[in-house]
Every structure is written in structure tokens, then in C-alpha cells.
Amino acid sequence: MKWLRILMFRKPLGNSIDDVKSRLIFIFSVIALTSSSLVFFSFSLHLIFNENTQIERHLMSFESIAKDHFTLVKDDFS
């Protein structure tokens with residue numbers, strides 16, 4: 001993390017108000033990006049792993065309609 005700070009600011013930071021502001025902005029930005037990416041990836045993984053069960057539940061809800069339709073169209077001439 002130190003190398004990234006050196007790369008971004010290009011000078012050693014002291015204890016002036018501007019330097020402290022720069023460090024706080026940098027630290028809060030890293031925290032915000034890290035936490036938002038963790039939340040995004042965890043929700044994405046949850047959706048990916050539960051996709052099949054959601055599709056199965058959706059198709060099961062139409063099971064009776066499909067059976068009724070199949071019995072009505074039994075005399076298909078194709």
C-alpha cells in the first residue's frame with residue numbers, strides 16, 4: 001500500500017493539514033473501494049450459485065399448466 005501512495009503523491013507526506021487530508025482521502029477511498037467490491041462480488045456469487053434453483057422453482061410453478069396443455073394438444077398431427 002505504501003508503494004501505491006508513493007506512486008500517487010510523488011513526494012513524502014508530512015504532517016501538514018494538506019498532507020493529512022491527502023492521507024485520509026486515500027485511506028477512505030481504499031476502504032470504500034474494497035468494501036464495495038466485496039459486497040458486489042459476494043452478491044454476484046450468490047446470484048450465480050442460486051440461478052439454477054430459481055429457474056427450477058419458476059418452471060415448477062408452471063408444471064400444472066404445462067400438463068393441462070399437453071393433454072389438450074395430444075392429438076398433434078405433426
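Biologist: What does the accessible surface of the protein chain come to?
Modeller: The accessible surface of this predicted chain is about 7,400 Å², and 69% of that belongs to carbon and sulfur atoms, with areas taken from the Shrake-Rupley method with a 1.4 Å probe, where for residues only the protein chains shown count as cover. Because the model is predicted, local features need pLDDT of at least 70 and side-chain atom pairs count only at pLDDT 80 or more, while totals for chains, interfaces and linings use all residues. Residues are numbered from 1 along each chain as its sequence is written, and side-chain values use heavy atoms, with hydrogens and water left out.

Biologist: And what's the average pLDDT?
Modeller: The protein chain averages 83, and 77% of the residues score at least 70, pLDDT being the predictor's confidence in each residue, from 0 to 100.

Biologist: Is D19 buried or exposed?
Modeller: D19, which lies in helix α2, is buried with a relative accessible area of 12%; buried means under 20%, exposed over 50% and partly exposed in between (1.4 Å probe, protein chains only). Buried residues make up 3% of the 78 residues in the chain.

Biologist: Which side chain does D19 make a polar contact with?
Modeller: The D19 side chain contacts that of S16 at 3.1 Å, a polar contact being a pair of N or O atoms within 3.5 Å in which, within protein, one must be able to donate a hydrogen and the other to accept it, and residues adjacent in sequence count only if both atoms are side-chain atoms.

Biologist: Changing topic, which side chains meet in a salt bridge?
Modeller: Those of E63 and K67 do, at 3.3 Å from N to O, and this is the one salt bridge that the structure holds, defined as a side-chain nitrogen of Lys or Arg within 4 Å of a carboxyl oxygen of Asp or Glu.

Biologist: How far apart are E63 and K67 in the helix?
Modeller: Because they are four residues apart in helix α4 (residues 63-72), E63 and K67 are separated by about one helical turn. E63 is partly exposed, with a relative accessible area of 33%.

Conventions: Helices (H or I, at least four residues) and strands (E, at least two) are DSSP runs, numbered from the N terminus.
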